[in-house]
Every structure is written in C-alpha cells, then in structure tokens.
Amino acid sequence: MKQTVKLFAQAKDLAGSESIEIQTEEQTTVARFRELLSEQYPSLQAIVPHLLIAIDMNYVSDDFLINPESEIACFPPVSGG
Amino acid sequence: MQTTESLLTYNFRSAQQTLLFKPYLPFRIYFKMNQENKKDITEITHDKIDYQQLTEDIRSNQAGAAILFLGTVREFTKGQQTTALDYEAYPEMAIAQMKELIKQAREKWPVIHAGIIHRLGHLELGEISVAVAISTPHRGDSFEAGQFLIDQLKIHVPVWKKENWSDGTTEWVHPTGEDTVPTK
C-alpha cells in the first residue's frame with residue numbers, strides 16, 4: 001500500500017519535497033520502513049540511518065509496527081532553541 | 001432585601017453546617033481552584049515572542065519564584081560567524097511534545113504555571129528564538145524545572161535551525177551523538 005510521509009529540514013531539502021509517497025508492505029516495522037525509504041528514495045539514503053521516525057507524532061523504536069492509517073514523519077535530529 | 005454578598009455568605013455557612021467535617025471544606029475549595037488555575041502555555045509562532053506577557057502569565061501568588069529563559073541568535077559558533085538563522089518546525093508535533101515536557105516537569109517539581117514559546121522563520125542576530133518561563137513555590141525548583149524544559153526541548157521538540165554563515169553559505173544544524181536521541 002502507499003503511505004504519505006512528511007519530511008522536514010535536511011530530509012525535505014534532499015528529497016526536494018515536504019511530502020513523499022512510499023510503498024509499504026503488510027506489517028511494516030520502522031526498521032523495514034528505513035530500508036524501503038532508502039530503496040525508493042536514493043537521495044535520502046545517506047541520512048536514513050540518522051533519521052528520526054515519528055508515528056502519529058510520537059517517537060518510536062525500530063521494532064515498532066506501522067499502522068497503515070498512521071501519520072508518518074521523518075526528520076534529522078532536532079536543533080531548536 | 002439581602003445583598004448578593006450576604007446571600008453568598010449565608011449559603012456558604014449553611015453548606016458548611018451540613019458537612020460533618022467542617023475543617024476540610026475550605027481546603028477542598030482551595031485545592032480545586034489550584035488545580036484549575038495551573039496554566040500550561042505552549043506556542044509556535046512567526047511573530048516576535050512577547051516574553052514580558054509570558055512572564056506576567058506565569059506569575060502567581062502561590063509561586064515565590066518565577067524565572068524566564070530566553071534563547072537568542074548568537075553571532076559566533078566555534079569561530080564561525082552567523083548572520084541569521086532560519087527556523088522551521090513540525091508544528092503539531094512540536095506543540096504535543098512541549099505539552100508532554102511540561103507534564104513531565106509537573107511530575108518532578110511543584111510547578112504552578114509553565115510556558116514554552118518557540119519562534120519560526122528568519123531571525124537576525126540577537127533576536128529571541130525561544131522563551132521558557134516557569135513558576136514554583138521556591139526558587140530551586142524553578143531553576144531545575146526551567147533547565148529541564150529547555151534541555152529536553154532541544155532533544156524532543158521537532159524544530160530545526162539553518163545557519164546563514166557570513167561567507168554566504170547555509171547549513172542545517174543536525175546534532176549527532178547519543179544525547180541527541182529522543183526517549184521513545
């Protein structure tokens with residue numbers, strides 16, 4: 001299935017868009033999502049290991065299972081303040 | 001004719017008379033008001049931060065201490081000269097994370113009011129990018145809770161800054177290292 005992913009900061013610049021579509025599988029974990037992201041968006045490959053993944057506005061670990069209805073966002077470590 | 005004031009006094013007394021444990025009544029009213037009056041202020045804005053208003057908003061008769069922290073655009077970072085910073089955010093999540101941090105601060109310290117405001121957009125040298133304000137009954141807790149809020153904001157709240165260096169180049173600031181990873 002296709003899921004929309006929000007991108008911010010350097011991730012947005014590298015992909016050239018603030019929102020991308022990614023083809024996910026059934027039972028996609030965050031770890032698998034990182035692999036899919038690298039495959040489908042080579043421009044993000046270099047930073048994928050460092051990206052933070054937020055699901056429904058919460059930080060999640062790599063074994064977290066992504067719900068097809070969830071809001072996904074990817075971004076580098078934050079630098080506010 | 002009864003005035004409003006005497007009517008209220010009369011009702012209050014009769015209510016007290018119906019209770020078995022009279023001494024607890026005023027305490028319970030106070031506690032309830034206390035809970036309702038605690039303010040959590042969170043904001044993401046493109047406008048200049050009104051830190052004077054924020055400071056007034058977190059002051060309280062119940063707090064013997066109120067502190068304000070301001071983050072401002074600094075000219076030099078490790079010898080490199082900044083001319084301006086550009087901030088962007090994932091606004092909905094930034095607000096949610098700010099509220100979560102204030103909730104955590106309330107679990108650790110007796111916070112009366114707390115406020116976090118972050119500015120976005122193009123900020124020149126010396127401009128205020130973030131304000132954290134907090135009030136507690138005693139000063140030690142205000143300093144500790146305030147430090148907690150700004151330190152955790154820099155790890156958890158999804159806001160990013162882009163450096164505009166004096167040589168005309170720009171660069172996203174993306175910290176690396178273990179202490180930059182949010183708690184899951």
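Tutor: Buried area is the accessible area that two parts lose on being put together, summed over both. Keep in mind throughout that this is a predicted model.

Student: How much area is buried between chain B and chain A, and what share of that area do carbon and sulfur atoms give?

Tutor: Between chain B and chain A about 2,200 Å² is buried, and carbon and sulfur atoms give 61% of that area. On the side of chain B, Tyr90(B), Trp160(B) and Lys184(B) supply 29% of what this chain buries against chain A, which is more than any other three residues supply.

Student: How many residues of each chain are in contact across this interface?

Tutor: The contact involves 28 residues of chain B and 22 residues of chain A.

Student: Which polar features does the rule find across the interface, and how many salt bridges?

Tutor: There are 17 residue pairs in polar contact between chain B and chain A, with both residues at pLDDT 80 or more, and the rule finds one salt bridge across the interface. That salt bridge joins the side chains of Lys12(A) and Glu88(B), at 2.7 Å from N to O. As for where the touching side of chain B comes from, strands S4 (80-89), S7 (128-136) and S8 (159-165), together with helices H4 (91-108) and H5 (139-156), each supply at least two of its residues. Sorted by class, that side of chain B has 15 nonpolar, seven polar and six charged residues.

Student: How should I read a pair of aromatic rings?

Tutor: In general, such a pair is described by the distance of the ring centres and the angle of the planes. Here a search of the whole structure finds seven aromatic pairs over all chains. One of them, formed by Tyr59(A) and Phe75(A), is edge-to-face, with 6.2 Å from centre to centre and 80 degrees between the planes. Tyr59(A) lies in strand S4 (residues 58-59) of chain A and Phe75(A) in strand S5 (residues 72-75) of chain A, so the pair ties together parts 16 residues apart in sequence. Both Tyr59(A) and Phe75(A) are buried.

Student: Which residues form one aromatic cluster with Tyr59(A) and Phe75(A)?

Tutor: Phe8(A), Tyr90(B) and Trp160(B) form one aromatic cluster with them.

Student: Is Ile155(B) buried or exposed, and what does Ile155(B) touch?

Tutor: Ile155(B), which is found in helix H5 of chain B, has a relative accessible area of 18%; the cut-off for buried is under 20%, and therefore Ile155(B) counts as buried. Leaving aside residues up to four places away in sequence, Ile155(B) touches Tyr59(A) and Val78(A), as well as Asp179(B), Thr180(B), Val181(B) and Pro182(B).

Terms used
Residues numbered from 1 in each chain as written. Chains lettered and ligands numbered in written order. Predicted model: local features only at pLDDT ≥ 70, side-chain atom pairs only at ≥ 80, totals over all residues. Heavy atoms only, no water. Contact = heavy atoms within 4.5 Å. Buried area = accessible area lost by both parts, 1.4 Å probe. Salt bridge = Lys/Arg side-chain N within 4 Å of Asp/Glu carboxyl O. Polar contact = N/O pair within 3.5 Å; in protein donor to acceptor, adjacent residues only side chain to side chain. Helix = DSSP H or I, 4+ residues; strand = E, 2+ residues; numbered from the N terminus. Nonpolar A, V, L, I, M, F, W, Y, C, P; charged D, E, K, R; others polar. Phe/Tyr/Trp six-rings, centres within 6.5 Å; stacked < 30°, edge-to-face > 60°. Buried < 20%, exposed > 50% of the residue type's maximum accessible area, 1.4 Å probe, protein only.
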